[in-house]
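Have a look at the structure first, then read on.

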Amino acid sequence: MSARAAFLDRDGVINRAIVRNGKPYPPTRIEEVEILPGVPDALARLKQANFRLLVVTNQPDIARGTVQSSTVDAIDDFLMRKLPLDRIYVCPHDSSAACACRKPRPGLLLKGADDFAIDLLASFMVGDRWRDIEAGHAVGCETFFIDYRYDERRPNAPDHVVASLAEAARIVLSSSSLKDSS
(Lines give C-alpha, C1' and ligand atoms only; values in the text may rest on other atoms or scores of the structure.)
Protein backbone atom coordinates (compact mmCIF):
# COMPACT_ATOMS: atom_id res chain seq x y z
CA MET A 1 0.00 0.00 0.00
CA SER A 2 1.24 3.48 -0.82
CA ALA A 3 1.76 5.99 1.94
CA ARG A 4 -0.34 9.10 2.48
CA ALA A 5 1.15 12.53 3.07
CA ALA A 6 0.29 15.84 4.58
CA PHE A 7 2.12 18.31 2.35
CA LEU A 8 2.56 21.49 4.34
CA ASP A 9 3.77 24.94 3.45
CA ARG A 10 6.22 26.23 6.06
CA ASP A 11 5.69 29.94 6.76
CA GLY A 12 2.09 30.59 7.76
CA VAL A 13 1.24 26.90 8.26
CA ILE A 14 3.96 25.50 10.57
CA ASN A 15 5.50 28.73 11.82
CA ARG A 16 4.17 32.27 11.94
CA ALA A 17 4.75 34.34 8.79
CA ILE A 18 5.91 37.88 9.34
CA VAL A 19 3.25 40.15 7.84
CA ARG A 20 4.26 43.59 6.61
CA ASN A 21 1.84 45.83 4.71
CA GLY A 22 -0.57 42.92 4.35
CA LYS A 23 1.99 40.58 2.74
CA PRO A 24 3.57 37.50 4.37
CA TYR A 25 7.33 37.02 4.66
CA PRO A 26 9.44 34.21 6.11
CA PRO A 27 11.50 34.72 9.24
CA THR A 28 15.01 35.90 8.41
CA ARG A 29 16.59 34.83 11.70
CA ILE A 30 16.11 31.77 13.88
CA GLU A 31 15.03 34.10 16.71
CA GLU A 32 11.98 35.11 14.65
CA VAL A 33 10.69 31.53 14.31
CA GLU A 34 7.47 30.93 16.24
CA ILE A 35 5.72 27.60 15.85
CA LEU A 36 2.02 28.34 15.49
CA PRO A 37 -0.40 27.30 18.24
CA GLY A 38 -1.88 23.84 17.77
CA VAL A 39 0.75 22.74 15.23
CA PRO A 40 2.63 20.22 17.43
CA ASP A 41 -0.61 18.47 18.44
CA ALA A 42 -2.03 18.49 14.89
CA LEU A 43 1.19 17.00 13.51
CA ALA A 44 1.29 14.34 16.24
CA ARG A 45 -2.30 13.30 15.44
CA LEU A 46 -1.57 13.13 11.70
CA LYS A 47 1.60 11.12 12.35
CA GLN A 48 -0.38 8.72 14.56
CA ALA A 49 -2.81 8.28 11.63
CA ASN A 50 0.16 7.21 9.47
CA PHE A 51 0.52 10.36 7.37
CA ARG A 52 4.00 11.32 6.20
CA LEU A 53 4.60 14.96 7.17
CA LEU A 54 6.36 16.72 4.31
CA VAL A 55 7.02 20.45 4.26
CA VAL A 56 7.23 22.03 0.80
CA THR A 57 8.43 25.62 0.89
CA ASN A 58 9.44 28.34 -1.54
CA GLN A 59 12.36 30.36 -0.17
CA PRO A 60 13.13 32.82 -3.01
CA ASP A 61 15.03 35.16 -0.68
CA ILE A 62 17.99 32.78 -1.10
CA ALA A 63 18.13 33.54 -4.84
CA ARG A 64 17.43 37.21 -4.19
CA GLY A 65 20.40 37.38 -1.83
CA THR A 66 18.41 38.74 1.10
CA VAL A 67 18.88 35.62 3.23
CA GLN A 68 21.63 33.02 3.33
CA SER A 69 20.82 29.38 2.58
CA SER A 70 22.50 28.56 5.90
CA THR A 71 19.82 30.61 7.69
CA VAL A 72 17.03 28.75 5.91
CA ASP A 73 18.80 25.47 6.79
CA ALA A 74 19.05 26.53 10.46
CA ILE A 75 15.33 27.34 10.58
CA ASP A 76 14.48 24.03 8.92
CA ASP A 77 16.79 22.12 11.31
CA PHE A 78 15.08 23.82 14.26
CA LEU A 79 11.63 22.80 12.96
CA MET A 80 12.80 19.22 12.32
CA ARG A 81 14.08 18.98 15.92
CA LYS A 82 10.91 20.44 17.45
CA LEU A 83 8.25 18.73 15.31
CA PRO A 84 7.63 15.18 14.01
CA LEU A 85 8.30 16.16 10.37
CA ASP A 86 9.62 13.57 7.93
CA ARG A 87 11.36 16.01 5.58
CA ILE A 88 11.49 19.63 4.48
CA TYR A 89 11.80 20.30 0.74
CA VAL A 90 13.02 23.78 -0.22
CA CYS A 91 12.87 25.62 -3.53
CA PRO A 92 15.59 28.30 -3.31
CA HIS A 93 14.70 29.89 -6.66
CA ASP A 94 12.98 33.12 -7.58
CA SER A 95 10.08 32.97 -10.04
CA SER A 96 12.36 34.20 -12.84
CA ALA A 97 14.23 30.87 -12.73
CA ALA A 98 11.16 29.04 -14.11
CA CYS A 99 12.20 25.91 -12.19
CA ALA A 100 9.99 22.86 -11.70
CA CYS A 101 10.22 23.04 -7.89
CA ARG A 102 8.81 26.51 -7.21
CA LYS A 103 5.16 26.35 -6.25
CA PRO A 104 2.67 26.65 -7.97
CA ARG A 105 4.60 24.05 -9.98
CA PRO A 106 4.34 20.67 -8.26
CA GLY A 107 8.02 19.64 -8.30
CA LEU A 108 8.48 19.57 -4.53
CA LEU A 109 5.33 17.50 -4.03
CA LEU A 110 6.38 15.09 -6.79
CA LYS A 111 9.83 14.74 -5.19
CA GLY A 112 8.24 13.94 -1.82
CA ALA A 113 5.85 11.48 -3.46
CA ASP A 114 8.77 9.73 -5.15
CA ASP A 115 10.96 9.68 -2.01
CA PHE A 116 8.23 8.25 0.23
CA ALA A 117 6.05 6.26 -2.24
CA ILE A 118 3.14 8.61 -1.62
CA ASP A 119 -0.33 8.14 -3.07
CA LEU A 120 -1.04 11.73 -4.07
CA LEU A 121 -4.78 11.16 -4.43
CA ALA A 122 -4.93 9.98 -0.80
CA SER A 123 -2.89 12.98 0.38
CA PHE A 124 -3.53 16.64 1.08
CA MET A 125 -1.82 20.03 0.84
CA VAL A 126 -2.15 22.82 3.42
CA GLY A 127 -1.05 26.33 2.51
CA ASP A 128 -1.70 29.97 3.15
CA ARG A 129 -1.10 31.25 -0.39
CA TRP A 130 -2.50 30.63 -3.86
CA ARG A 131 0.73 28.94 -4.99
CA ASP A 132 0.30 26.19 -2.38
CA ILE A 133 -3.26 25.44 -3.46
CA GLU A 134 -2.38 25.33 -7.16
CA ALA A 135 0.55 22.97 -6.48
CA GLY A 136 -1.77 20.67 -4.53
CA HIS A 137 -4.40 20.74 -7.27
CA ALA A 138 -1.74 19.97 -9.90
CA VAL A 139 -1.06 16.57 -8.33
CA GLY A 140 -4.60 15.71 -7.27
CA CYS A 141 -4.27 16.37 -3.53
CA GLU A 142 -7.15 17.63 -1.44
CA THR A 143 -6.32 21.26 -0.63
CA PHE A 144 -6.72 23.32 2.53
CA PHE A 145 -6.29 27.10 2.38
CA ILE A 146 -5.49 28.87 5.65
CA ASP A 147 -7.02 32.27 5.02
CA TYR A 148 -5.12 35.09 6.70
CA ARG A 149 -6.62 37.63 4.27
CA TYR A 150 -3.24 38.68 2.92
CA ASP A 151 -3.21 41.57 0.48
CA GLU A 152 -2.46 39.38 -2.54
CA ARG A 153 -4.01 37.05 -5.09
CA ARG A 154 -6.45 34.51 -3.64
CA PRO A 155 -6.39 30.83 -4.59
CA ASN A 156 -8.83 29.36 -7.08
CA ALA A 157 -11.23 26.83 -5.57
CA PRO A 158 -9.43 25.33 -2.58
CA ASP A 159 -11.27 22.26 -1.33
CA HIS A 160 -11.43 23.73 2.18
CA VAL A 161 -10.88 27.16 3.72
CA VAL A 162 -9.67 26.84 7.31
CA ALA A 163 -8.26 28.98 10.10
CA SER A 164 -5.29 26.75 10.99
CA LEU A 165 -3.42 23.51 10.45
CA ALA A 166 -5.22 22.18 13.51
CA GLU A 167 -8.59 22.73 11.81
CA ALA A 168 -7.34 21.07 8.60
CA ALA A 169 -6.09 18.07 10.60
CA ARG A 170 -9.48 17.73 12.34
CA ILE A 171 -11.24 17.66 8.97
CA VAL A 172 -8.79 15.15 7.48
CA LEU A 173 -8.92 12.84 10.47
CA SER A 174 -12.73 12.82 10.46
CA SER A 175 -12.99 12.40 6.68
CA SER A 176 -13.77 8.94 5.37
CA SER A 177 -12.09 9.80 2.06
CA LEU A 178 -8.65 10.18 3.63
CA LYS A 179 -8.83 7.69 6.51
CA ASP A 180 -6.42 4.80 6.61
CA SER A 181 -8.03 1.77 5.04
CA SER A 182 -5.66 -0.73 6.62
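How do the side chains of Asp132 and Lys103 meet? They meet in a salt bridge, at 2.6 Å from N to O. A salt bridge here is a side-chain nitrogen of Lys or Arg within 4 Å of a carboxyl oxygen of Asp or Glu. Asp132 sits in helix 5 (residues 130-138) and Lys103 in the loop between strand 5 and helix 4, so this pair ties together parts that are 29 residues apart in sequence. Helices (H or I, at least four residues) and strands (E, at least two) are DSSP runs, numbered from the N terminus.

Before going further, a word on the source: this is a predicted model, where local features need pLDDT of at least 70 and side-chain atom pairs count only at pLDDT 80 or more, while totals for chains, interfaces and linings use all residues. Residues are numbered from 1 along each chain as its sequence is written, and side-chain values use heavy atoms, with hydrogens and water left out.

Back to our pair: both Asp132 and Lys103 are buried. Buried means under 20% relative accessible area, exposed means over 50%, and partly exposed is in between (1.4 Å probe, protein chains only). Asp9 joins in too, as Asp9, Lys103 and Asp132 are linked in a network of salt bridges.

The structure holds 18 salt bridges, and here are some of them:

| Salt bridge | N to O distance |
|---|---|
| Asp132 and Lys103 | 2.6 Å |
| Asp94 and Arg64 | 3.0 Å |
| Arg64 and Asp61 | 3.4 Å |

Arg64 is partly exposed at 44% relative accessible area, whereas Asp61 is buried at 14%.

Now for helix 3. This helix (residues 69-82) has 14 residues and reaches 20 Å from its first C-alpha to its last, close to the 20 Å expected at 1.5 Å a residue. That expected span is 1.5 Å times one less than the number of residues. Its buried residues are Val72, Ile75, Asp76, Phe78 and Leu79. Seen down the axis of helix 3, they fall within an arc of 155°, so they line one face of the helix. The arc is taken from the directions from the helix axis to the C-beta atoms. These buried residues pack against helix 2 (61-64) and strand 5 (87-91), with contact meaning heavy atoms within 4.5 Å.
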